[in-house]
Amino acid sequence: MENAPHILVVDDDKEIRDLLGKFLEKHGCRVTTARDGRGMRAALEDWNIDLIVLDLMLPGEDGLTLCRELRARSAIPIVMLTAMGEETDRIVGLEMGADDYLPKPFNPRELLARIKAVLRRAEERVERRAPGEADQAVHFAGWKLDPARRSLASPQGVTVTLTSGEFDLLVAFLDHPRRVLSRDQLLDLTRGRAAAPFDRSVDIQVSRLRRKIESDSASPELIKTVRGGGYIFTPTVERS
């Protein structure tokens with residue numbers, strides 16, 4: 001189990017925590033559980049967590065508050081659990097940096113599939129590249145991305161924090177510069193087969209990424225929208 005992904009389940013419902021703990025462990029994961037934000041922080045101090053399953057409705061600090069806190073200091077992938085029909089909350093969760101969401105009630109097998117898809121993306125990107133390329137720095141429009149450290153530096157040398165979803169999206173653009181990518185292609189490149197039809201998360205992630213790398217996100221120059229087509233990453237990309 002040493003190489004098994006370590007999942008942190010944060011939910012105030014003990015029955016759900018126990019159910020997910022047993023189910024995920026049965027399917028090859030290590031699992032730690034917490035009932036609230038305090039327990040989540042304690043677990044993050046004690047363990048190297050690979051992914052967090054975070055319930056939206058928690059006592060005290062809710063899931064959105066904790067998601068915002070996590071994104072301010074960490075790029076650990078987050079799968080958010082939301083109440084059925086609360087589309088606004090799901091969109092806000094994605095805007096705050098959640099990598100995926102699943103409405104309650106849910107099938108544990110679907111959650112497992114989404115967890116695996118989120119964890120698999122980085123590994124698949126490395127496998128698709130030529131030997132040694134995965135560690136090369138990537139330069140575009142004065143920016144520098146270090147894939148090995150998952151860090152992005154601005155033209156002024158300032159480190160910009162990216163969520164897991166934003167990092168995956170930027171890498172997808174850097175791997176396909178000056179090429180129109182449809183939303184379906186971007187979903188496939190960044191989320192694998194876990195994406196649902198009419199998924200709006202790509203547009204949300206593009207908006208978040210633009211706010212971080214564009215000088216004017218209202219009039220983007222690096223990531224342009226192609227009417228009826230998707231998006232195109234315009235800068236020249238160089239690796240070294």
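User: Leaving out residues up to four places away in sequence, which residues does Q205 touch in this predicted model?
Analyst: The model is predicted, so local features need pLDDT of at least 70 and side-chain atom pairs count only at pLDDT 80 or more, while totals for chains, interfaces and linings use all residues. Residues are numbered from 1 along each chain as its sequence is written, and side-chain values use heavy atoms, with hydrogens and water left out. Contact here means heavy atoms within 4.5 Å. With residues up to four places away in sequence not counted, Q205 touches A98, T163, G165, E166 and L169.

User: Is Q205 buried or exposed?
Analyst: Q205 is found in helix α8, where helices (H or I, at least four residues) and strands (E, at least two) are DSSP runs numbered from the N terminus. Buried means under 20% relative accessible area, exposed means over 50%, and partly exposed lies in between, for a 1.4 Å probe and protein chains only. Because Q205 has 8% relative accessibility, Q205 counts as buried.

User: How are helix α4 and helix α8 oriented to each other?
Analyst: Two packed helices are described by the angle between their axes and the distance between the axes. Helix α4 (residues 87-95) and helix α8 (residues 201-213) pack at an angle of about 40°, and their axes are 9 Å apart. Angles under 35 degrees count as roughly parallel, over 145 as roughly antiparallel, 65 to 115 as roughly perpendicular and the rest as oblique. The two helices, α4 and α8, are therefore oblique to each other.

User: Which residues of α8 meet α4?
Analyst: The α4 side of this contact is given by I91, L94 and E95. On the α8 side, the residues that meet them are S201, I204 and R208.

User: On which side of helix α3 do its buried residues lie?
Analyst: In helix α3 (residues 63-73), the buried residues are G63, L64, L66, C67, L70 and R71.

User: What is the relative accessibility of L54, and is L54 buried or exposed?
Analyst: The place of L54 is in strand β3, and, leaving aside neighbours within four places in sequence, L54 is in contact with V10, G63, L66, C67, I78, V79, M80 and L81. L54 and D12 are 42 residues apart in sequence and 10.0 Å apart in space, taken from C-alpha to C-alpha. At 0% relative accessibility, L54 counts as buried.

User: Which peptide bond is cis, with omega near -5°?
Analyst: Most residues other than glycine have a negative phi, and most peptide bonds are trans. P105 lies in the loop between β5 (100-104) and α5 (108-128), and the cis bond is the one from K104 to P105.

User: What is the phi of R178, and where does R178 lie?
Analyst: R178 counts as exposed, at 55% relative accessibility. The place of R178 is in the loop between α6 (164-175) and β10 (180-181). Although R178 is not a glycine, R178 has a positive phi of about 55°.

Key
Axes are lines fitted to C-alpha atoms, for helices over the stretch in contact, and angles run from 0 to 180 degrees between N-to-C directions.
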